[in-house]
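The sequence and the structure are shown first.

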Amino acid sequence: MGRHLLAAGLIYLSLALQSSLAGELSLSHSQPWFPGIMLVFCVRLHPGSAGLMWGALLGLGVDCFSNERMGVQVILVTLVGLMLRSCAREGATFGSLRTGALIFLATLCWKGLSATTLGLLENQSFRSEWWLAGCKDGVYSATLVTSVLLFMNLLKNGIKRRDETRRTVLTNQWSMLSP
Amino acid sequence: MNSRMILISCCLFLVGGGLIVAPAGVTARLRSEITDALRPAQILIRQLHLPYAATLSEADATLVADAQRIATLQKELEFERNRNRAMQTRLAQAAEQQFTEQGISTVLTRSRRLVLPQLTDAAVLGEITAEQWRAGKLLDHGAKHGLREDELVLSPRKPLRPLIDLGAEAEISTEDAMLLGRCVIGKIEHVGRWTSTFQLVTDLRYRGRAQIIRETDSGFVFETQGILKGQGSPLCRLEGIPAEKSVRVNDAVYTAERDGILPTPLYYGQVVEAVLGPDDREWTVFVKPAPLPSHLTHVQILRTILNPERLAVK
């Protein structure tokens with residue numbers, strides 16, 4: 001239950017961040033794709049079918065604030081979710097770099113497929129820029145998340161080491177108990 | 001992929017497809033509901049972000065200002081560097097000129113060679129002075145006193161031929177090179193007793209041996225030799241360059257003395273045009289001589305003298 005609540009919170013946060021803050025974090029025409037990041041975390045939280053459903057909900061949210069044809073993102077995010085699920089099997093461990101790679105892949109596929117599908121639905125001819133933009137956003141998102149995760153790991157390791165040095169080892173120290 | 005997963009995926013695809021084909025009213029309502037649900041979080045994020053946004057925009061403005069300042073400073077630096085280069089060039093030219101005017105003669109007179117070059121300063125007579133000189137107004141002694149000027153120098157048939165104030169009395173000879181700095185600008189044509197006429201390199205009858213020298217990364221390369229001819233126009237023509245030799249625009253043209261009196265060749269000018277037709281056996285080369293001042297008043301005459309040290313009686 002807690003996992004589901006966490007997934008719902010993450011989806012809500014990602015949609016709010018994407019619709020309010022992503023534009024201001026724009027860097028040389030690329031911006032972070034928070035739904036892609038959250039999709040990876042959803043798949044991590046729920047490797048089973050629940051992850052797909054949460055992903056579809058995320059797609060529905062993207063459909064709402066993108067002002068494009070509704071339903072397209074639901075289908076696309078299901079496809080990307082299936083792809084991510086095949087990459088992240090249940091019980092598999094995730095490092096910071098692997099998470100970053102998955103975020104890059106998710107963002108690239110989601111944005112590339114989305115731009116291509118919507119473009120083709122509007123009778124436009126295929127353009128490589130659609131995928132290039134997805135690639136740039138993917139790099140930005142992956143770098144952002146990987147940096148944060150690495151920094152958190154660094155902090156965690158530092159605190160752990162400090163605790164270990166403080167701890168007094170009592171093994172084979174029976175002499176300390178003697179009067 | 002298990003059957004449950006396939007079933008759920010199919011359901012989701014169906015939901016997506018249903019939304020695509022759903023009536024606009026339904027989708028619009030759904031959209032507005034979800035957008036409204038997101039609004040509180042959006043407002044909260046914006047409120048939290050505002051102070052950072054101000055700091056970020058300030059930092060951004062500072063960065064832009066810094067970038068502009070750096071660009072301005074780089075432009076100024078480039079300008080100053082160019083000015084510095086121009087000053088260095090002028091300094092080098094001045095040093096070279098000084099060396100030419102003072103150095104060649106003083107250094108070479110210390111040589112043990114029998115024949116030495118010597119630079120002699122001469123003044124170019126102005127048109128009025130030259131006319132008065134030719135008319136005999138400046139001579140107060142006649143031919144009886146043996147002071148008559150050479151007829152060729154005084155000839156009224158060549159009224160436009162310029163004069164310098166040195167002649168045979170100063171041991172000037174015909175064909176002596178006339179220099180301005182280290183550049184050859186002409187040569188002596190006729191020598192009178194006190195004055196001489198000269199030809200500029202651009203004069204129609206001027207001829208002089210010349211060689212092409214090219215500056216490369218590994219130093220100066222001496223190319224082929226030819227004859228520099230004046231044409232009565234601002235450009236001279238360099239003849240006698242075989243087709244198999246290499247000539248390029250901007251190559252320098254220097255004197256090609258065969259007697260080796262001077263340690264270094266003297267500058268004539270620069271190649272401005274080099275053409276070789278398909279059937280030509282020689283290059284057609286045009287040379288732009290060294291620029292002259294608007295009023296030529298002082299020149300140096302390069303002449304050869306016998307080494308006084310070798311002639312001195314021991």
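The contact is made by A:L39, A:V40 and A:V43 of α2(A) and by A:V77, A:V80, A:G81, A:L84 and A:R85 of α4(A), where contact means heavy atoms within 4.5 Å. These residues divide into six nonpolar, one polar and one charged; Ala, Val, Leu, Ile, Met, Phe, Trp, Tyr, Cys and Pro count as nonpolar, Asp, Glu, Lys and Arg as charged, and the others, Gly among them, as polar.

Residues are numbered from 1 along each chain as its sequence is written, and chains are lettered from A and ligands numbered from 1 in the order in which they are written. The model being predicted, local features need pLDDT of at least 70, side-chain atom pairs count only at pLDDT 80 or more, and totals for chains, interfaces and linings use all residues, while side-chain values use heavy atoms, with hydrogens and water left out.

**Chain A overall**

The secondary structure of chain A comes to six helices and zero strands; helices (H or I, at least four residues) and strands (E, at least two) are DSSP runs, numbered from the N terminus. Of the 179 residues of chain A, 44% count as buried, that is, under 20% relative accessible area, with exposed meaning over 50% and partly exposed lying in between (1.4 Å probe, protein chains only). Among contacts in chain A between residues at least 6 apart in sequence, 66% join residues at least 24 apart.

**Helix pairs**

Axes are lines fitted to C-alpha atoms, for helices over the stretch in contact, and angles run from 0 to 180 degrees between N-to-C directions.

| Pair | Axis distance | Angle |
|---|---|---|
| α2(A), residues 34-45, and α4(A) | within 10 Å | roughly 50° |
| α4(A), residues 72-87, and α5(A), residues 96-121 | 10 Å | about 150° |
| α3(A), residues 49-66, and α1(B), residues 3-21 | within 10 Å | roughly 10° |

Angles under 35 degrees count as roughly parallel, over 145 as roughly antiparallel, 65 to 115 as roughly perpendicular and the rest as oblique. Helices α3(A) and α1(B) are therefore roughly parallel to each other. Their contact involves A:S49, A:L52, A:M53, A:A56 and A:L60 of α3(A), together with B:R4, B:M5, B:I8, B:S9, B:L12 and B:L19 of α1(B). By class, this contact has eight nonpolar, two polar and one charged residues.

Helices α4(A) and α5(A) are roughly antiparallel to each other, and their crossing is right-handed. Among the residues that make the contact are A:Q73, A:L76 and A:C87 of α4(A) and A:C109, A:W110 and A:S114 of α5(A). The contact has 15 nonpolar, three polar and one charged residues.

Within helix α5 of chain A lies A:S114. At 10% relative accessibility, A:S114 counts as buried. Residues up to four places away in sequence aside, A:S114 touches A:Q73, A:L76 and A:C109.

**Cysteines**

How many disulfides does the structure hold over all chains? There are zero, a disulfide being a pair of cysteine sulfur atoms within 2.5 Å. For B:C10, the closest cysteine sulfur is that of B:C11, at 7.0 Å, which is too far for a bond. B:C10 is partly exposed, with a relative accessible area of 40%, whereas A:C42 is buried at 0% relative accessibility.

Conventions. Left-handed = near helix turned anticlockwise from the far one by under 90°.
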